[in-house]
Amino acid sequence: MSNSYSAKDSAFIARLRKLLPTDAVLSEREELKAYECDALTMYRVLPLAVVLPENETQVEAVLKLCHEARVPVVARGAGTGLSGGATPRTGAVLMSLARLNRIIEIDPLARAARVQPGVRNLAISEAATPFGLYYAPDPSSQIACSIGGNVAENSGGVHCLKYGLTVHNVLALRVVTIAGEVLQIGGGALDQPGYDLLALLSGSEGLLAVVTEVTVRLIAKPQCARVVLAAFDSVVTAGQAVADMIGGGIIPAGLEMMDRATIAAVEPFVHAGYPMDVEAILLCESDGSAVEVADEVERMEAVLRRAGAIECRVSRDEAERLRFWAGRKAAFPAIGALAADYYCMDGSIPRKALATVLQGIREMEGRYGLRCANVFHAGDGNLHPLILFDANVPDELSRAEAFGGEILELCVRQGGSITGEHGVGLEKINHMCVQFGSGELEIFRAVKRAFDQHGLLNPGKAIPTLKRCVEFGRMHVHAGDIPFPDLPRF
Amino acid sequence: MTDDLYNLSERIRAAAEQRRALRIRGGGSKDFYGGTPHGQLCETTALRGIVDYEPTELVITARAGTDLREINATLREQGQMLGFEPPSFTDQATLGGAVASGLSGPRRPYCGAVRDFVLGVQIIDGRGDLLRFGGRVIKNVAGFDVARLMAGSMGTLGLLTEITLKTTPCPTAECTLRFEFDEAQALDTMSRWVGRPLPISGTAWHAGQLSVRLSGAPAALQAARRALGGETLERAGEYWQAVREHQLAFFTTAESLWRISLPGHAPPLALGEVFLEWGGALRWLHGPADADEMRARASRFAGHATLFRSAARPVGGPFQPQTPALLALQQRLKAVFDPYRLFNPGRLYPEL
């Protein structure tokens with residue numbers, strides 16, 4: 001079925017078609033449906049059109065046209081984002097970077113990979129494997145998510161305490177501004193003169209520019225890895241064990257915690273052999289040379305036992321290591337199987353606040369009448385509460401959203417952040433008003449204008465308007481429920 | 001707002017009203033670096049003290065005027081350090097200056113740069129407003145990363161009042177190996193070794209001698225030493241400190257010193273006597289040499305050249321010129337934070 005476009009919109013789409021190959025402009029309703037949301041599926045909007053440029057020149061041409069016509073543009077990688085960063089907008093062009101999917105160069109001597117933004121995260125490591133190298137940041141969606149999306153969200157992963165986030169592993173970017181200007185940010189060196197635009201662009205959620213090329217750092221693949229699984233009869237003890245380990249100078253390659261509800265959900269799902277009837281499980285990974293790992297695992301085990309672990313197991317071989325991880329990696333789907341829907345939150349907190357925050361969440365479960373399971377990137381204080389609900393039950397979605405919002409506010413009160421790695425996007429835009437004051441938000445808006453004077457790149461995401469914050473303050477009284485979330489506001 | 005912050009903020013408001021430039025200064029240890037400082041002196045040394053330090057969180061927050069020495073000593077007591085090993089150059093160096101100058105030491109290619117460790121900042125902007133960006137947690141992607149943007153901005157965006165950094169555990173053991181290599185061999189060797197899973201934490205080459213520092217568990221160091229060979233360097237700690245602080249004769253005798261940052265595997269530049277660090281990605285050269293030649297040579301390898309120290313500061317500033325598009329963007333960013341161009345005008349670029 002064809003969309004009924006206004007004469008103005010039809011004329012604009014005709015101009016888009018002149019810039020791109022025939023199959024690179026979508027405007028049929030059925031085609032647009034495939035792009036109506038990212039992994040935050042509760043927000044769905046049909047864009048004006050979808051464009052699929054194949055190279056930088058086409059990206060540049062589309063952006064110039066949109067700039068001239070004052071049509072907003074939403075950039076999209078693989079659409080795996082969890083905060084609605086790639087949710088389309090009515091009347092906007094959705095630009096998919098999926099066709100810019102070439103690995104341009106793997107340079108083993110420079111230990112760098114130069115790739116287009118649509119290349120999948122895992123594909124980079126696969127291409128680097130013959131050289132004994134890999135790309136370290138590994139968001140859980142790494143088989144599907146694109147490196148361009150990783151840059152936009154500054155994605156993390158299970159190993160980021162030791163190996164850093166995306167921002168720590170990007171050496172250079174080529175970006176196109178909304179005005180169609182191509183900028184090369186950073187080169188082959190370890191630093192650059194002037195302001196650190198690489199840092200500013202990392203995690204900018206598609207608000208500042210469109211990435212057309214990414215150079216990432218590759219590192220030597222560790223020779224081996226082993227995991228220590230430790231069980232605890234209280235989350236407080238488990239949290240203390242984490243503090244002891246890090247205070248004792250051990251930086252595990254991965255350090256993950258699951259609470260009782262999560263363990264109960266995953267064990268029947270994957271049969272990882274987790275001890276049941278415990279309050280928390282910690283998975284601590286050590287990687288490096290065989291001697292390094294043997295030494296570190298011994299120290300880890302000693303710390304965990306001293307801290308009060310009721311059980312400690314060390315993976316004996318690669319199969320067992322993968323089995324220990326299987327439960328953690330299946331946590332989201334396993335919890336998803338428990339309820340019709342779940343809502344994944346992404347707060348970050350100082351680790352010492354873990355017990356307080358979990359206690360707070362438990363209290364909220366009672367108040368909102370919804371269950372919540374918690375997985376925790378314990379090493380870096382990034383908590384993912386998964387709120388279970390059923391969208392078909394009237395008001396459960398709004399209760400889940402209000403529950404999630406209250407968790408985020410608790411994280412901020414404890415000195416943490418409303419988002420550790422998923423980004424603000426559409427989802428947490430109101431909570432930006434909780435974390436930042438009006439002065440900081442005004443600076444963010446001005447930074448946006450410095451790149452994008454007319455506010456055309458991904459408008460309505462990440463940085464709230466002043467009016468929105470004022471409204472949120474008022475509406476917050478009504479449990480944070482925003483009517484018509486798909487309507488553009490202000 | 002505390003009294004000292006209030007006073008600084010009032011001072012900046014007054015300067016804004018009168019459009020009077022301010023020269024932000026901590027301990028003055030890096031006065032020599034960057035473009036010629038201008039404006040009325042605005043010192044941060046009264047903003048002293050560690051605000052919060054939780055070793056188990058790997059996070060320290062301190063006021064910007066705190067001595068780097070004090071930070072280093074406090075961390076060392078808990079078996080931790082600043083992973084980017086910032087140079088001090090004098091005992092007066094402050095934390096604010098370390099972040100604003102954006103300089104990192106020998107550990108940089110293996111552990112990260114200043115900006116990689118900045119988690120949050122409190123600043124006073126060019127309107128006199130006290131603002132906070134980032135936070136005190138390791139993972140935080142809310143809002144644009146203004147905190148990291150401050151690293152290396154040479155104080156041109158705002159007055160840093162408080163900084164939160166990620167800390168790093170000190171390695172359990174360290175040793176340094178020495179090898180006899182010419183420059184080309186050293187560059188080649190460093191490139192190959194860093195692509196292998198070896199616990200390398202520092203590399204330096206000068207006058208035929210390559211020094212490689214290893215950090216980690218004693219067993220790992222032994223294994224690496226067996227794999228690499230070489231002679232063990234005695235009093236290696238003093239050597240790396242001298243490298244970082246520019247106390248070696250190569251640095252102290254230089255009339256002008258060029259800092260070339262480029263990909264480590266770039267071939268020898270053949271521009272005179274050279275001191276290599278960062279696996280070849282950082283090359284120090286004695287001047288005076290023709291600035292255009294230095295810059296052209298660096299940019300041929302996608303790098304850049306800085307006149308790090310010199311008797312007379314060059315007119316266009318010591319840093320490699322920006323492309324017009326990038327310069328214009330940075331001017332717009334400068335105007336976001338400092339619309340009246342009060343802070344350190346010309347210290348980074350004449351136009352900023």
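A residue counts as buried when 20 or more other C-beta atoms lie within 10 Å of its own. Please keep that cut-off in mind for the views below, which show a predicted model.

**View 1. The buried face of helix H12 of chain B.** Helix H12(B) covers residues 324-337. Its buried residues are Leu329(B), Gln330(B), Leu333(B), Lys334(B), Val336(B) and Phe337(B). Looking down the axis of H12(B), you would find these buried residues within an arc of 150°, so they line one face of the helix. Their packing partner comes from the other chain: helix H16 (438-451) of chain A. The length of H12(B) can be checked too: 14 residues at 1.5 Å each should span 20 Å, and the end C-alpha atoms are 20 Å apart, so the two agree.

**View 2. Where chain A meets chain B.** Chain A brings 71 residues to the contact, and chain B brings 69. On the side of chain A that touches chain B, the elements giving two or more residues are helix H7 (197-201), helix H8 (235-247), helix H10 (290-306), helix H15 (432-435) and H16. With seven residues, H16(A) gives the most to that side. H16(A) is also the helix against which the buried residues of H12(B) pack.

**View 3. Helix H9 of chain B, from its buried face to its exposed one.** Within H9(B), residues 236-244, the buried members are Tyr239(B), Trp240(B), Val243(B) and Arg244(B). Seen down the helix axis, they fall within an arc of 135° and so line one face of H9(B). Turned away from that buried side are the exposed residues Gly237(B) and Glu238(B). The cover over the buried residues includes strands S10 (173-180), S11 (200-206), S12 (209-216) and S15 (274-277) of chain B. Just after the helix comes His246(B), with a positive phi of about 55°.

**View 4. A four-stranded open sheet in chain A, with a helix packed on it.** The strands run in the order S1-S2-S4-S3, with mixed pairing. Strands S1 (25-26) and S3 (73-76) stand at the edges with a single partner strand each, so one side of each is left without a neighbour in the sheet. S3(A) pairs with strand S4 (residues 93-96) in the parallel sense, over four bridges. In this pair, Val73(A) stands opposite Val93(A). Helix H3 (residues 56-69) of chain A packs on the sheet and touches strand S2 (49-51), S3 and S4; the direction of H3(A) makes about 165° with that of S4(A).

**View 5. A five-stranded antiparallel sheet in chain A.** This open sheet has the order S5-S6-S10-S8-S9. The edge strands, S5 (103-107) and S9 (182-185), each pair on one side only. On average, neighbouring strands are turned by 10° against each other, direction ignored. Strands S6 (residues 112-115) and S10 (residues 210-217) run antiparallel and are joined by four bridges. Across this pairing, Arg114(A) stands opposite Thr215(A).

**View 6. Members of the largest nonpolar core.** The core holds 253 residues, and those touching the most other members are Val73(A), Leu282(A), Ile387(A), Val118(B) and Met150(B). Setting aside residues up to four places away in sequence, Leu282(A) touches Ala230(A), Ala238(A), Ala241(A), Val242(A), Met257(A) and Ala378(A). In soluble globular proteins, nonpolar side chains tend to be buried together.

**View 7. Gly132(A), a loop residue touching both chains.** Gly132(A) sits in the loop between helix H4 (121-128) and strand S7 (133-134) of chain A. With 15 other C-beta atoms within 10 Å, Gly132(A) is partly exposed. Apart from neighbours within four places in sequence, its contacts are Ala220(A), Lys221(A) and Gly195(B). Ala220(A) is 88 residues away in sequence, yet its C-alpha lies 5.9 Å from that of Gly132(A).

**View 8. Two loop residues of chain B with positive phi.** Which loop holds Leu58(B)? Leu58(B) belongs to the loop between strands S3 (50-54) and S4 (59-63) of chain B. Its phi is near 60°, a positive value in a residue other than glycine, and 24 other C-beta atoms within 10 Å make Leu58(B) buried. Phe89(B) is found in the loop between strand S5 (80-81) and helix H3 (95-101) of chain B. Although not a glycine, Phe89(B) has a positive phi of about 70°. Phe89(B) is buried, with 22 other C-beta atoms within 10 Å.

Technical notes. Residues are numbered from 1 along each chain as its sequence is written. Chains are lettered from A and ligands numbered from 1 in the order in which they are written. This is a predicted model: local features need pLDDT of at least 70, side-chain atom pairs count only at pLDDT 80 or more; totals for chains, interfaces and linings use all residues. A nonpolar core is a set of buried Ala, Val, Leu, Ile, Met, Phe, Trp, Tyr and Cys residues joined through C-beta atoms within 7 Å. A residue is buried if 20 or more other C-beta atoms lie within 10 Å of its own, exposed if 12 or fewer, and partly exposed in between; C-beta atoms are placed from the backbone. Two residues are in contact if their C-beta atoms, placed from the backbone, lie within 7 Å. Two strands pair if DSSP finds at least two bridges between them. Axes are lines fitted to C-alpha atoms, for helices over the stretch in contact, and angles run from 0 to 180 degrees between N-to-C directions. The expected span of a helix is 1.5 Å times one less than its number of residues. The arc is that of the directions from the helix axis to the C-beta atoms.
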